[in-house]
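Please look over the structure below before reading the notes that go with it.

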Amino acid sequence: MQVIRYPEKSDWKDIIARPTFETASLESIVSNILDDVKLNGDAALRHYTAKFDKAEIENFAVSVSEFEEAENLISGELKAAILHAEENLEIFHRSHIEKPERIETTPGVVCWRESRAIERVGLYIPGGSAPLFSTVLMLAIPARIAGCGEIVLCSPPDSTGKIHPAILFAAQVCGATKVFKVGGVQAIAAMAYGTETVPQVYKIFGPGNQFVTAAKQMVAREGIALDMPAGPSEVAILADDTAVPAFVAADLLSQAEHGADSQVLFVTTEEKIIEPVLRELESQLNRLPRRDLTTQALENSRAVLVKNTDEAIELLNEYAPEHLILACQNDEGIAAKVVNAGSVFLGNYSCESAGDYASGTNHTLPTNGAARTFSGVSVDSFVKKITFQKLSAEGIKNLGATIETMAAAEGLEAHKNAVTLRLKELGRKAAV
């Protein structure tokens, strides 16, 4: 990890730059797979599943017996943990359901807004070196609470043609309605276009590698909605002299271990904490099974010493991290100044892992600076907001002249006439 002391503001852009990757050849590969699945459906899915996952799949849909087998394969301890996390996520996300409130803007003019669930959504759950069954909870629970009629889940099989049992157990617990053994770009294509087996969805959610991310971005150009721009995982930590170096190092490593393309940023106002944190990083890193990947991520990462807390927050808001940990005094006061972050963790005991798994908040968050304009996944991500208005006779009389004047000023005579006719009709009735 590179250490930078008291940088000039002109150097911040380089300090907070994310790792960059060559994408031209990647997009060409992804485009070919998308086109093939669009044209050849399930046949293309079988071809790419055999090529990339080394699995021969005849029926992509997960059967009842496979769900039962998965439940028997995982320990009671893990089942209990998943159910505990599910309960907390349910409590937190259900609190975000909005009740329609009718507002009378002018006497006789009532307006309100209601949520309607997206009818069919697609959830992508990575497998690979870390089967992210926790992501099933983060996506399927708010989708279920929102009332989505069809929740389609895709996840890559292993070489025996099976999805990790914890993913299947979580999918069943959280209400996924259809689960398919297909991963990678081909899964995104299947959900975007539909195949003989996999239904087309209206919005796609979930993380993935560079290929999956590119596929999501490319199908979005064709009108498929996405959860948010997604990239490699990241965390930023602001620590002062009240922080515990071992905790800071552990949190940095918890994100760095996601992969070589992840990034962590350690910002502090205290020179004396830097060396203890770096020593802890080295000590803890040596004990990690994913040490090689984590080491590569740390090469993309920086420790930055700044003059004061205000400068630290300014730098962090510019960085707009996916996860932000405030391991310092007056954490809630400092948190009030945070304007760009996916999720914020306050105090020495609020480890980022809590949000990743079981505190109740969602871990599907904007990365790569997208937190400047995007929120993390929530119940709102699975609904549309539809506005309603009802005008009584009194209402159109009270508002009519305003509408007529504005329509005439824009040269839209038919708009004006729609009001004028109603006002004339009311005038005739009043004269009778």
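1. Basis. This is a predicted model, in which local features need pLDDT of at least 70 and side-chain atom pairs count only at pLDDT 80 or more, while totals for chains, interfaces and linings use all residues. Residues are numbered from 1 along each chain as its sequence is written, and side-chain values use heavy atoms, with hydrogens and water left out.

2. Helix H8. Helices (H or I, at least four residues) and strands (E, at least two) are DSSP runs, numbered from the N terminus. Helix H8 covers residues 184-193, and because 10 of its 10 residues are buried, H8 is largely enclosed by the rest of the structure. Buried means under 20% relative accessible area, exposed over 50%, and partly exposed in between, with a 1.4 Å probe and protein chains only. Among the buried residues of H8 are Gln186, Met191 and Tyr193. The buried residues of this helix pack against helices H2 (24-40), H3 and H9 (210-220), and against strands E4 (120-124), E5 (150-155) and E7 (203-205); contact means heavy atoms within 4.5 Å. Gly194, which follows H8, has a positive phi, near 80°.

3. Thr213. Helix H9 holds Thr213. With a relative accessible area of 16%, Thr213 is buried. Residues up to four places away in sequence aside, Thr213 touches Gly208 and Ala230.

4. Helices H16 and H17. Two packed helices are described by the angle between their axes and the distance between the axes. For H16 (residues 393-409) and H17 (residues 413-431), the axes come within 9 Å and cross at roughly 145°. Axes are lines fitted to C-alpha atoms, for helices over the stretch in contact, and angles run from 0 to 180 degrees between N-to-C directions. The crossing of H16 and H17 is left-handed, that is, the near helix is turned anticlockwise from the far one by less than a right angle. On the H16 side the contact includes Ile396, Gly400, Ile403 and Ala407, and on the H17 side it includes Val419, Leu423 and Leu426. The contact residues divide into eight nonpolar, three polar and four charged. Here Ala, Val, Leu, Ile, Met, Phe, Trp, Tyr, Cys and Pro count as nonpolar, Asp, Glu, Lys and Arg as charged, and the others, Gly among them, as polar.

5. Cavity. How many cavities of 30 Å³ or more are there? The count comes to one. A cavity is a set of points on a 1 Å grid over the protein atoms alone where a 1.4 Å probe fits but cannot get out, and lining residues have an atom within 4 Å of a point. Grid points are joined across faces, edges and corners, and a volume is the space filled by probe spheres set on the points. The largest cavity holds about 40 Å³ of space. Its lining includes Ile237, Phe247, Asp251, Ile325 and Asn348. Helix H10 (245-256) and strand E12 (323-327) are the elements that give two or more residues to this lining, and H10 gives the largest share, three residues. The lining divides into five nonpolar, three polar and one charged.

6. Ile15. Helix H1 (residues 12-15) contains Ile15, which counts as buried at 5% relative accessibility. Neighbours within four places in sequence aside, Ile15 is in contact with Ile4, Pro7, Arg302 and Val304. Ile15 and Tyr319 are 304 residues apart in sequence, and their C-alpha atoms are 9.0 Å apart in space.

7. Glu56. The loop between helix H3 (42-53) and helix H4 (64-73) holds Glu56. Is Glu56 buried or exposed? Glu56 counts as exposed, at 72% relative accessibility. Glu56 and Gly161 are 105 residues apart in sequence and 6.6 Å apart in space, C-alpha to C-alpha.

Note on methods
On a 1 Å grid over the protein atoms alone, a cavity is a set of points where a 1.4 Å probe fits but cannot get out, and a pocket is an open set with protein on both sides within 12 Å along at least five of seven lines; lining residues have an atom within 4 Å of a point.
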